[in-house]
Amino acid sequence: MEDSFGHHISYLRISVTDRCNERCAYCMPNEFQEWLPREGVMSYEEILRVVRIAVSLGVSKIRVTGGEPLTRRDVIPFIKRLRKINGIKELGITTNGTLLSQSVGKFKTAAAALAGAGVSTVNVSLDTLDERKYVAITGRPYLERVIEGLDDLIDAGFDKVKINTVLMRGRNDDELLDLVDFTHQRNLLLRFIEMMPVSTNDVLKESNFLPCGEVMKFLSDTFGGLEPSANYRTNGPATYYKISGRDQLIGFIGAMTNLHFCESCNKLRLTCDGKLRPCLGSHLEFDLLSEIRSGASDERIADFIREVVARKPKAHDFLSNYQPGRKMIAIGG
Ligand code: SAM
Ligand code: SF4
């Protein structure tokens with residue numbers, strides 16, 4: 001599928017839940033949040049149907065996210081069923097890592113169960129290596145669990161697990177080198193993400209916002225250079241640089257400052273309540289679940305998906321006084 005700006009759409013990110021066991025300030029609002037009622041959340045059958053149709057239209061990469069995807073019951077058997085859909089070349093999950101060490105069925109850890117279900121890539125969010133800061137950022141004392149979970153992923157055979165670190169001035173800017181070393185030692189792929197005004201604008205105050213460019217300069221000064229890595233393809237929004245003198249790549253996801261950020265966008269998002277979104281940074285969303293529940297045929301659903309692709313904007317709206325609408329946790333990161 002191609003939109004009117006030449007974006008080739010091959011990637012669907014699916015949020016399976018709006019619930020989470022953490023409370024990251026940049027993702028969840030401070031005020032009390034009501035979870036969606038269960039009947040408003042897409043069933044696994046409904047999601048699988050949409051995926052089968054999307055794959056027939058050219059989608060070949062799927063990422064399962066949330067909320068925290070591992071909090072949804074039976075998510076691993078669901079992932080196993082996703083894997084069986086012919087035409088999916090890459091199946092990933094994004095998780096906060098807190099539940100990777102718990103046992104699941106016959107598997108000693110969820111990490112091993114994910115490997116057994118055929119997941120190809122796991123992205124784990126980790127903004128700090130300091131327990132006190134971890135609690136301040138996520139609202140939960142789970143740092144140790146996350147680190148254990150990372151070791152379980154490695155034991156389960158995942159290579160190049162990605163670490164997503166949201167950059168926050170005054171909160172984790174003093175830990176950049178620790179994070180670089182931590183990921184180097186464990187052979188993890190670190191990616192720094194600029195904060196986006198998805199859930200709240202507060203996080204974007206100049207006192208909080210840390211642009212990728214500043215981090216690149218700092219790393220370059222520290223290590224004596226960063227070399228752009230032209231041929232490192234992950235099919236995603238990150239640009240990768242190699243640290244001079246080290247066998248380590250660092251990814252930068254600069255949605256706010258990289259003016260070319262949207263040019264290679266290949267993504268659609270399906271929220272857990274069945275809205276199809278052509279862009280994270282746009283308020284456009286289309287109610288696919290109502291369509292499905294009112295008896296739409298596969299052809300109608302295929303047309304619906306094509307229509308949403310046709311509405312995909314050229315670029316996100318974050319820089320044009322974007323006012324957060326739906327919270328990140330409800331859209332699916
Ligand atoms: N719970 C899982 C996790 O934390 O990885 C999956 C969902 S989370 C919404 C997906 C990703 O979005 C995480 O890496 C998180 O750090 C990122 N994220 C959430 N809110 C963000 C924001 N306002 N700006 C930038 N990234 C954000
Ligand atoms: Fe939960 Fe992930 Fe959002 Fe943090 S970023 S509140 S872990 S969904």
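This briefing describes a ligand shell, a helix packing and an aromatic pair. The structure is a predicted model, in which local features need pLDDT of at least 70, side-chain atom pairs count only at pLDDT 80 or more, and totals for chains, interfaces and linings use all residues. Residues are numbered from 1 along each chain as its sequence is written, chains are lettered from A and ligands numbered from 1 in the order in which they are written, and side-chain values use heavy atoms, with hydrogens and water left out.

**Ligand 2**
- Ligand 2 is surrounded by 8 residues (a heavy atom within 4 Å), and the closest are Cys20, Cys24, Cys27, Gly67 and Asn96.
- This shell comprises 5 nonpolar, 2 polar and 1 charged residues (Ala, Val, Leu, Ile, Met, Phe, Trp, Tyr, Cys and Pro are nonpolar; Asp, Glu, Lys and Arg are charged; the others, Gly among them, are polar).

**Helices α1 and α9**
- Helix α1 (residues 44-56) packs against helix α9 (residues 298-310) at about 70°, with the axes 10 Å apart (helices are DSSP runs of H or I, at least four residues, numbered from the N terminus; axes are lines fitted to C-alpha atoms over the stretch in contact, and angles run from 0 to 180 degrees between N-to-C directions).
- α1 and α9 are therefore roughly perpendicular (65 to 115 degrees).
- Arg49, Val50, Ile53 and Ala54 of α1 meet Asp298, Ile301, Ala302 and Ile305 of α9 in this contact (heavy atoms within 4.5 Å).
- The contact residues divide into 6 nonpolar, no polar and 2 charged.

**Aromatic pairs**
- The count comes to 3 aromatic pairs (ring centres of Phe, Tyr or Trp, its six-membered ring, within 6.5 Å).
- Tyr44 and Phe78 form a stacked pair, 4.4 Å centre to centre with 15° between the planes (stacked means under 30 degrees).
- Tyr44 lies in α1 and Phe78 in helix α2 (residues 75-83), so the pair ties together parts 34 residues apart in sequence.

How values were computed
Helices (H or I, at least four residues) and strands (E, at least two) are DSSP runs, numbered from the N terminus. Angles under 35 degrees count as roughly parallel, over 145 as roughly antiparallel, 65 to 115 as roughly perpendicular and the rest as oblique. Rings of Phe, Tyr and Trp (its six-membered ring) pair if their centres lie within 6.5 Å; planes under 30 degrees apart count as stacked, over 60 as edge-to-face and the rest as tilted.
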